[in-house]
Amino acid sequence: MGKRVAAYCLTGSGNTRKVMEEIGKAISSLGHGFSFYNVKSKAENIGQSDTLLIGYPVHAFNAPRPIIDFIKRLPKASKPIKTYLIQSSGEPLHLNFAAQSRPLALLKKKGYEVLGGFSFVMPYNIIFRHKEEMARRMWGVVERRIPEVTKTILGGEPHFLKIPLWSRPVSFVLRIEQVAMPLIGRHFKANGDCVSCGLCASSCPVGNITLEKGLPKFGKHCIGCMGCVFLCPRAAIQPSLFKAWKVNGPYSFKGEAIKDKDIPPYCRKAYLRYFHTFEDEAKTPQK
Ligand SMILES: Cc1cc2nc3c(=O)[nH]c(=O)nc-3n(C[C@H](O)[C@H](O)[C@H](O)COP(=O)(O)O)c2cc1C
């Protein structure tokens, strides 16, 4: 009998959703059921699934607050539900793995069969914009990884990331970001280039933006996902203190992938390690 996989996703600029949709396509193509939801959903029917995927972008080396709230809202597992986390991050640093420790611990407490998770590197939506060629190479790695990731999920095999011990206190301290963002986010503003299209409001994953006289008004619940800033077709949203870190406009994920020699110096070693780990693995014939 086919598996029933329920996937719940939080996304700001679309990266995590893009990865999870790809996993969903692979699962469906193998004849299994795949249902995709926003983490805002109530997850009332979770008991009808045998596998649960929870996806989110890494924010300051943590899982964002709506993910923690979602897990807290989940009903206690009345039967074993195999559960994996799917995270996307801008840097291929092991420090990002620490973002899995809190959600996994909470899920375990609720009786879910916690089997670990996966970490995908996707282009930055804050601080600086990656080159298109870099985004293309990242996406190429996602595509190569999907068959193996899908096999692990459908097989119900454990896949725990090795979370470095020292990374836990760093991640813990940086949870301060979750306190700061609602305050900083209140001061986001749209400038005169705003065309009142409402995309910022409709894409905000926590419903923090409303339109008032055609202009976005930012409420008290910003999680700093940068979705509004990134997706605005007119680059009109000014992210307050993060002005210098503004990144705008979707990546195409098309064209040529960047060559090793052209990878910029920032985290170069870590990107090379990440790309080669999965690209070279894909070249090795399967036994
Ligand atoms: C507020 C904020 C904090 C972030 N912190 C990290 C981080 O700690 N480590 C990292 O590698 N990427 C970080 N990123 C980058 C995102 O995790 C990355 O671009 C992700 O793929 C975005 O996914 P989304 O489009 O689904 O929101 C951060 C992005 C934002 C907006």
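Predicted model: local features only at pLDDT ≥ 70, side-chain atom pairs only at ≥ 80, totals over all residues.
Good morning. I begin with C267, which lies in the loop between strand 9 (237-238) and helix 9 (268-283). Helices here are DSSP runs of H or I with at least four residues, strands are runs of E with at least two, and both are numbered from the N terminus. C267 has a positive phi of about 55° although it is not a glycine. Most residues other than glycine have a negative phi. With 16 C-beta neighbours inside 10 Å, C267 counts as partly exposed. The cut-offs are these: a residue is buried if 20 or more other C-beta atoms lie within 10 Å of its own, exposed if 12 or fewer, and partly exposed in between, with C-beta atoms placed from the backbone.

Residues are numbered from 1 along each chain as its sequence is written.

A positive phi also occurs at M226, about 70°, and M226 is not a glycine either. M226 sits in the loop between strand 8 (215-218) and helix 8 (227-231). Is M226 buried or exposed? M226 is buried, because 25 other C-beta atoms lie within 10 Å.

Let me turn to the chain as a whole. Its secondary structure comes to nine helices and nine strands. The C-alpha trace spans about 60 × 50 × 40 Å along its principal axes. For 287 residues, a compact globule would have a radius of gyration near 19 Å, and the chain agrees, with 19 Å. That radius is taken over C-alpha atoms, and the globule rule is 2.2 Å times the number of residues to the power 0.38. Of the 287 residues, 40% count as buried. Contacts (C-beta atoms, placed from the backbone, within 7 Å) are counted between residues at least 6 apart in sequence, and 80% of these join residues at least 24 apart.

Next, the nonpolar cores. Such a core is a set of buried Ala, Val, Leu, Ile, Met, Phe, Trp, Tyr and Cys residues joined through C-beta atoms within 7 Å. The largest has 52 residues, of which A7, L53, I67, I86 and M138 touch the most other members. Helix 4 (residues 132-155) supplies the largest share of this core, eight residues. A second, separate core of 22 residues includes M181, C225, L231 and V247.

Helix 2 (residues 65-73) and helix 3 (residues 101-109) pack at an angle of about 5°, and their axes are 9 Å apart. Axes are lines fitted to C-alpha atoms, for helices over the stretch in contact, and angles run from 0 to 180 degrees between N-to-C directions. The two helices are therefore roughly parallel to each other, a label given to angles under 35 degrees. The contact is made by I67, I68, I71 and K72 of helix 2 together with R102, P103, L106 and L107 of helix 3.

K72 counts as exposed, with 10 C-beta neighbours inside 10 Å. K72 and P103 are 31 residues apart in sequence and 9.3 Å apart in space, C-alpha to C-alpha.

Finally, E157 is placed in the loop between helix 4 and helix 5 (167-173). E157 is exposed, with 12 other C-beta atoms within 10 Å. The C-alpha atoms of E157 and K82 are separated by 9.1 Å, although the two residues are 75 apart along the chain. Thank you.

How values were computed:
Contact = placed C-beta atoms within 7 Å. Parallel < 35°, antiparallel > 145°, perpendicular 65-115°, else oblique.
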